[in-house]
Amino acid sequence: MTKTNKMEDARGRRLFADLNHAFRKDPLIDEYDFLPVTEPQNNASPLLLVEHKLGLELWSVRLLFRYAYNRLMNWRDRNQASVFIDPQELIHLSRAVLMVNPDCYTAWNIRKELIENGDLPLADDLKLGQLILSKFPKSAETFIHRRWLFQRLVNQCLSSSNDSTASADGHQENGGALLCMDGIDIALGPEANALANGIRPEAAAAAVALGEGGRACAALPLESSRLLAENLHHELTVCDRAADSYASNYYAWTHRAWVVRYCFNCSLQVLLGELERTQTWTMKHVSDHSGFHYRQFLLSNLTKHAARLHRQYAKSLSGLVDAEHDFICDLVQSFPSHEALWYHRKFVFHLMMKSAKTYSSEAAATDRVINGELQALHDAVSKNDGQKRSRLESHSPHVLRQREMDAVQKTASQAKEPFQKTLARKYVEWLEKMFPSLKET
């Protein structure tokens, strides 16, 4: 090792010690960044810690990373039995590496091994990931690692529930509670409490599951499920911050959809709460298609449970789709020349037409029953039947298509921006291609 390398190694060791001291001094550090200082100004530490915010002078970042990375890789590459490093030191070394380069999957894998060996608390790794996302909000490896953490957390809860199943009857006799997730949805905060229909918070906290397809029926111990629910709640906030920090953050929105699908198991209450929660965000980011794509994910999953939606929450799928259509049409008028809005409008209108065709088929089947088997009761239900026919006519594919065509042509004629006219013209071409002229039935 040359004299220069020895000097850099010594400086890197001091920087590494300063970083560890900063985290011991303030365990609540929630944000960090690199300060634009390219040369050392004095003999003071290049780390600045103020109100849970950590700053590292830019000149020190390379030295810190090189020291931590070389030590970590030397331990990894050699025989681990002959090159012993204390697990706590590995935790600190991998933290230093990831704070500079969060896409170093080898460092993440080392932390996975530390978690599996019981040397690193899972909650601490979630906290580190959140800290890294404050600096690198679009880090793919960070989101991938967080998904691994949540899978492990859910599996631990389910494993605990399986171990306790044999003694479930004894717990119930002694006043203990084991809650089944099958019929319980989870609250997302004050804005979603109105959707809860009186579900107690402690009961809602048990409604978390992992898996694709049907809802899980494993009974989770209440304490474990509450811990998981709190982390999941916070994960939605982490996704919010990442999306705010980086425009079109596909990784953050994809991760958010994964949490809803595989951890919340696409609970209806979660889907409705997220639909409401993200509306304000999309209004403030009208050019960000990732946010609208997430709303499309929510609406697509709601369409799969239309009957439950009406039975449990007294909400109709067509009402939700109509409200989304009104919402996007208002945005198109208020914020012209944004292509993301028109793409989302295409999706919503396609969903409206699909819903209208389904409704028309169901109404026609009902009419055949009335005319064929219940003719004697026709007069008694004529008023309700008339209301149904009125709604059927206003939501028929023909009427919806013509109404949409008229609205878009009006937008095109009133638009002052040339690009808004172009977007409206392309939308009309899409309408004519996807929904050729329909005969009114």
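In which helix does Leu128 lie?

Modeller: Leu128 lies in helix α5, which covers residues 122–135. Before going on, note that this is a predicted model: local features need pLDDT of at least 70, side-chain atom pairs count only at pLDDT 80 or more, and totals for chains, interfaces and linings use all residues. Residues are numbered from 1 along each chain as its sequence is written, and side-chain values use heavy atoms, with hydrogens and water left out. Helices (H or I, at least four residues) and strands (E, at least two) are DSSP runs, numbered from the N terminus.

Stay with Leu128. It is buried, with a relative accessible area of 5%. Buried means under 20% relative accessible area, exposed means over 50%, and partly exposed is in between, with a 1.4 Å probe and protein chains only. What does Leu128 touch, not counting residues up to four places away in sequence? Its partners are Arg95, Leu98 and Arg111. Contact here means heavy atoms within 4.5 Å. Ile29 is 99 residues from Leu128 in sequence, yet their C-alpha atoms are 9.5 Å apart in space.

Arg95 leads on to another residue. Asn20, leaving aside its neighbours within four places in sequence, is in contact with Arg95 and His92. Asn20 is found in helix α1, residues 3–25. At 7% relative accessibility, Asn20 also counts as buried.

Two strands pair if DSSP finds at least two bridges between them. β1 and β3 (residues 53–57) are parallel and share five bridges. Leu35 has Glu57 of β3 as its bridge partner. β2 and β3 run antiparallel, joined by four bridges. There, Leu47 stands opposite Leu56 in β3.

The hairpin of β2 and β3 has two residues between the strands. Most residues other than glycine have a negative phi. Glu51, in the loop between β2 and β3, has a positive phi near 50°. His52 is found in that loop too, and its phi is near 70°, again positive. Glu51 is exposed, with a relative accessible area of 69%. His52 counts as partly exposed, at 33%.

Two further helices are worth a look. α11 (residues 268–284) has 17 residues and reaches 25 Å from its first C-alpha to its last, close to the 24 Å expected at 1.5 Å a residue. The expected span is 1.5 Å times one less than the number of residues. α11 has a kink of about 30°, centred on Thr278. The bend at a residue is the angle between axes fitted to the seven residues ending there and the seven starting there. Thr278 is one of the buried residues of α11, which also include Leu268, Trp281 and Thr282.

Helix α12 (residues 289–303) should span 21 Å with its 15 residues, and its end C-alpha atoms are 21 Å apart, which agrees. α12 is mostly covered, with eleven of its 15 residues buried. Among them are Phe292, Tyr294, Arg295 and Phe297.

Last, the chain as a whole. It has 18 helices and five strands. Of its 441 residues, 44% count as buried. Among contacts between residues at least 6 apart in sequence, 69% join residues at least 24 apart. The accessible surface comes to about 22,900 Å², and 52% of it belongs to carbon and sulfur atoms. Accessible areas come from the Shrake-Rupley method with a 1.4 Å probe; for residues, only the protein chains shown count as cover.
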